[in-house]
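Please find below a colleague's note on the structure shown here. The points run from overall architecture to individual residues.

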Amino acid sequence: MRKISLRFWAKVLALLGVGGAMEACDILPIGACMYGCPHADYKLTGSVTDEDGNPIPGISVRQYQSAGPNEDRSVIYDGWEGPELVKTETDGSFVIETVLTSFGGDEEFIFRDVDGPENGGEFVDEPMKIKFDQVKKGDKSWYGGAFEASDVKVVLKAKPEE
């Protein structure tokens with residue numbers, strides 16, 4: 001009787017768009033627990049410099065997925081760019097601690113000069129795939145775990161003079 005009651009209320013709440021009681025996932029059918037979006041915790045630290053080693057403040061850092069085929073060549077996609085996560089500090093450093101839409105693992109980020117010639121000149125965008133270490137396992141839900149990468153060095157090239 002308890003299982004029937006839990007299933008009933010889980011379906012009612014799902015119809016209302018309410019998520020939550022994932023403790024019931026061991027009791028409910030598997031489909032009831034799949035509602036959601038893959039996500040993982042990420043921590044990324046590093047610095048951005050120009051080719052001469054000078055720090056660049058004000059560089060926008062975003063999660064990124066370049067256009068092209070998937071690794072298995074199954075689908076060609078147009079590319080995607082997430083919201084700005086941080087801007088680099090005056091010493092060029094950045095720290096990101098956030099939850100990203102991801103199954104976990106390595107991720108792409110894009111480093112973009114958004115202030116034009118201020119802060120040392122104009123620079124070419126730099127997309128970069130970053131290797132992360134898993135520091136916490138995921139669970140049965142859409143949570144992929146926790147991942148960290150530190151001391152990532154990003155070097156931006158100056159835009160050519162027009």
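Which pattern does the protein follow when read along the sequence?

1. The order is α-β-β-β-β-β-β-β-β-β-β, and the protein has one helix and ten strands. Helices (H or I, at least four residues) and strands (E, at least two) are DSSP runs, numbered from the N terminus.

2. This is a predicted model, in which local features need pLDDT of at least 70 and side-chain atom pairs count only at pLDDT 80 or more, while totals for chains, interfaces and linings use all residues. Residues are numbered from 1 along each chain as its sequence is written, and side-chain values use heavy atoms, with hydrogens and water left out.

3. Of the 162 residues in the protein, 33% are buried (under 20% relative accessible area, with exposed over 50% and partly exposed in between; 1.4 Å probe, protein chains only). Among contacts (heavy atoms within 4.5 Å) between residues at least 6 apart in sequence, 64% join residues at least 24 apart.

4. S47 belongs to strand β1 (residues 39-50). This residue counts as buried because its relative accessibility is 15%. Leaving aside residues up to four places away in sequence, S47 touches G92, S93, F94, V152, K153 and V154.

5. Strand β6 (residues 93-101) contains E97. With a relative accessibility of 60%, E97 counts as exposed.
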